[in-house]
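Please look over the sequence and the model before reading on. The report moves from the chain as a whole to some of its parts.

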Amino acid sequence: MRTWLTGGGSIRTACGDRGGFRLEGSGSPGEPGFLVVGGSGGKGRAKPVENGAGRPTGPGVGGSRGETGGRGSRAGTGGSLSRGGKIANKVIDYSFQMSEQSLSSRETSFLINEETMPAKRYNLFLRRRLMFQKNQQSKDSIFFRDGIRQIDFVLSYVDDIKKDSELKAERRKEFENNLRKTGLELEIEDKRDSEDGRTYFVKIHAPWEVLVTYAEVLGIKMPIKESDIPRPKHTPISYVLGPVRLPQNVKYPHPEYFTAQFSRHRQELFLIEDQATFFPSSSRNRIVYYILSRCPFGIEDGKKRFGIERLLTSNTYSSAYPLHDGQYWKPSEPPNPTNERYILHKNWARFSYFYKEQPLDLIKNYYGEKIGIYFVFLGYYTEMLFFAAVVGLACFIYGLLSMDHNTSSTEICDPEIGGQMIMCPLCDQVCDYWRLNSTCLASKFSHLFDNESTVFFAIFMGIWVTLFLEFWKQRQARLEYEWDLVDFEEEQQQLQLRPEFEAMCKHRKLNAVTKEMEPYMPLYTRIPWYFFSGATVTLWMSLVIASMVAVIVYRLSVFATFASFMESDASLKQVKSFLTPQIATSLTGSCLNFIVILILNFFYERISAWITKMEIPRTYQEYESSLTLKMFLFQFVNFYSACFYVAFFKGKFVGYPGGYTYLFNEWRGEECDPGGCLIELTTQLTIIMTGKQIFGNIKEAIYPLALNWWRRRKARTNSEKLYSRWEQDHDLESFGPLGLFYEYLETVIQFGFVTLFVASFPLAPLLALINNIVEIRVDAWKLTTQYRRTVASKAHSIGVWQDILYGMAVLSVATNAFIVAFTSDIIPRLVYYYAYSTNTTQPMRGYVNNSLSVFLIADFPNHTAPSGKRDFITCRYRDYRHPPDDENKYFHNMQFWHVLAAKMTFIIVMEHVVFLVKFLLAWMIPDVPKHVVERIKREKLMTIKILHDFELNKLKENLGINSDELAKHVMIEENKAQLAKSTVYSS
């Protein structure tokens, strides 16, 4: 006779039942199969308690073979009630008593002998006992009421009274019954025990049999032997960096192991010391989510419906999440396991640790590889920014030190030179003539960023971005080895069909690979949505361009107001020395443009998500790729269009006095400052980049904090009730499936600011460095304190973002070359220095006068010239044109074509030099470091050897030591091992 405690909470006995696993369902993408763990009756998972000898019995224990043919584990597999895979040798009645704690009061009543006590006394006793047990339970307990079974996942729902409440209740009932059939154990918390009195909680525990089965299905790698490969040794520089290092037990929380894909038939092979802790919590919640995402909940409209995501979308369940280990501000108390959340908060999420390295292995262990690799990338990007920031700061300091010795600024500020140059009006009629020395301070500021170091820094950043991407490939390869992702295959959840796709499909076709029928949507049904999606994205990008044009119109119209106001108001005389009409217009225009960018971005985020859903992508991976393309294209245009305008269009097509070009035949084109447009590009870039970073960090910190505070404030009505671990996590904000997507998008947009326009602003890497140092701690803080724990998922790279970074790196070479050539003033100065200067002692003397052309005031059309008589007959404007007394007056002179030829030559030379260095570096730097290749080969060899020895020992046990066949089998196995060795070394 064997006795089982079933997943539903009832007791049954059977004679000769053979436990095991069976697979229900076809397993096709449309109808995923799921494993049922239990006896031959199939009524839920049969959990073995004890046999007559006081030993655990059931599938995979004591050599008993179930339907899968699994062998028993030396660690004591299957159905262990105690932590660590050990069951105390106690009578079976005690096992019944322990199991009562996990049952509801109605189910528990069947386990009490009603003959021994009156009904009233027994009900009172039961109520008081359950109340006592709940009050005794720690608020941070992550176990069922029995204190033994760990909670791996939590579902919550509110029992509403709407018209579809019966349908939702039926879905939940069917779904939970199917979860029990797969072997999961459920415990339901009644809404009366919840803090708000409205929410039910379904706690899910994955027992050992389920874990070992799905670990094999998912190909999870587990340790088989501690690695003999030493960790990288400390270099001399590592001792210098001692203050930024974390303690070894935090940086490396676990030893390194040789691993192999888990197999429940080879459990003796793996280092199973404690069944309760063998699978880390991240692997446990990943396994449970895999089951939840494939578990059916009924047949509707003739189709089999399945998956927790569909139930969440229909509000059948309000949330589904794994639990945090405990509270983030204090360590766990026994019997809870180590609180990794507390360790992460203490060593990672505190702002006082901004200078410390990140505990990357601990992040990976707790949140999974996908989130872990994001923080590896962000940390590596921040480290590389340090070198760019140092060089950029050096260039800025050079400009600062040489500012007072700059010949151009000196001439502009000189009352005898710049003070005698009368400049033509910057707008029609309203604007008056002005003297060049009024831009003295602006010319000095312009020299900070427009000097000889600009060319050097542009070339340096072209090489830096190549080194950044090439070394990232090496870091990524090293990470694949360290995190056991060398043989990684795409997550099945990412390749799983989306419920929305399945619901819209009316056709099915045969899959050429699986030979199974699967949902299919013909291309002609999706083409209209593709056209609509493309038209929507194009419309919104056009809207961005239109808003940029509107800002330009604002600048043109407001400039005249600023100019006339400053001319007429005598009290602004002191202000005019540093706040010219050009600078005032540029500042207000940049701020207005930034506000428009944020508004457009807010609405487009929601529209892009909607139109991506309308495209009905087949898998989650297709959905994310489509959304990535839409969001990046829009944000690229939204954030960079204003910078592209100032860098490459402003002041390039304005014409000349008497022949100006007009926007919409009304507003005259914008002119650059006499020192060039670079200072305006710097202003635009600084405001947008800094504003976006400050706004983003405030939003990331304040938004979840405010939502969580409001949710707790609404819910906390009965303070005397127990505020449990699952309720605490329920009140947190959900990170969401696209949370990481927006983090990557933010980082990539910042990368664009750092690389595309860095020639105009060498302090951009420094600002990005400061922001990223704060960003890492803000992201760590919000993940550990303000968000529910995410479901662990794997990833071996940053995905499509890497291709986007490569594209931006190539584009950045061209943009910086054009900025140096056409936006800065370095090329005209070099042409004057080598070809037109007549002063041998001071070659740049006279450059300002040379760069300004002469215009005869009498040639102004009547509707453009300022009113009133003047005591001068000419004015100056920035261009290379013939003077009014020349036969080709106002046409471009030869110097203009010399400068243009020099600009084009510089662009070609710079691009070819940088691209040549890029390709050489990419060729010289291997994608996978040599020591990583050697370690991978060593690990493969040792894994094969361990597997070979294990199979050989099993063979000896099965054949007998003295068998004549032993030598033959040994020879075959050794030949296989030798062949495997040669294969590893040849690779």
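A helix here is a DSSP run of type H or I with at least four residues, and helices are numbered from the N terminus. The structure described is a predicted model.

**The chain as a whole**

The protein chain has 31 helices and 21 strands. Of its 987 residues, 53% are buried. Its accessible surface is about 46300 Å², and carbon and sulfur atoms account for 60% of that area. Take the contacts between residues at least 6 apart in sequence: 75% of these join residues at least 24 apart.

**Helix α4 and the glycine after it**

Helix α4 covers residues 165-181, which is 17 residues. The distance from its first C-alpha to its last is 24 Å, close to the 24 Å expected at 1.5 Å a residue.

Which residues of α4 are buried? They are S165, K168, R171, R172, F175, E176, N178, L179 and R180. When reading such a list, recall that an α-helix has 3.6 residues a turn, so residues three or four places apart point the same way. After α4 comes G183, which has a positive phi, near 105°.

**Two helices in contact**

Two packed helices are described by the angle between their axes and the distance between the axes. Helix α16 (residues 453-482) and helix α24 (residues 739-756) have axes that come within 10 Å and cross at roughly 145°. On the α16 side, the residues that meet α24 are M461, W464, V465 and F468. On the α24 side, F751, V754 and T755 meet them. Sorted by class, this contact has six nonpolar residues, one polar residue and no charged residues.

**Disulfides**

How many disulfides does a search of the whole structure find? The search finds three. The table gives the sulfur-to-sulfur distance, the angle about the S-S bond and the handedness of the link.

| Pair | S to S distance | Angle about the S-S bond | Handedness |
|---|---|---|---|
| C413 and C440 | 1.8 Å | 95° | right-handed |
| C424 and C875 | 1.9 Å | 85° | right-handed |
| C427 and C431 | 1.6 Å | 95° | right-handed |

The disulfide of C413 and C440 links distant parts of the chain, 27 residues apart. C413 lies in helix α14 (residues 407-413) and C440 in helix α15 (residues 440-449). Why does C440 count as buried? Its relative accessibility is 19%, and residues under 20% count as buried, so C440 belongs to that class.

The disulfide of C424 and C875 also links distant parts of the chain, here 451 residues apart. C424 is in the loop between β14 (422-423) and β15 (434-435), while C875 is in strand β21 (residues 874-878). C424 and C875 are buried.

In the disulfide that joins C427 to C431, C427 counts as buried because its relative accessibility is 9%. C431 counts as buried because its relative accessibility is 3%.

**Two further cysteines**

Technical notes:
Residues numbered from 1 in each chain as written. Predicted model: local features only at pLDDT ≥ 70, side-chain atom pairs only at ≥ 80, totals over all residues. Heavy atoms only, no water. Helix = DSSP H or I, 4+ residues; strand = E, 2+ residues; numbered from the N terminus. Buried < 20%, exposed > 50% of the residue type's maximum accessible area, 1.4 Å probe, protein only. Contact = heavy atoms within 4.5 Å. Areas by Shrake-Rupley, 256 points an atom, 1.4 Å probe, with all protein chains shown as cover. Axes fitted to C-alpha atoms, helices over the stretch in contact; angles between N-to-C directions. Nonpolar A, V, L, I, M, F, W, Y, C, P; charged D, E, K, R; others polar. Expected span 1.5 Å × (residues − 1). Disulfide = S-S within 2.5 Å.
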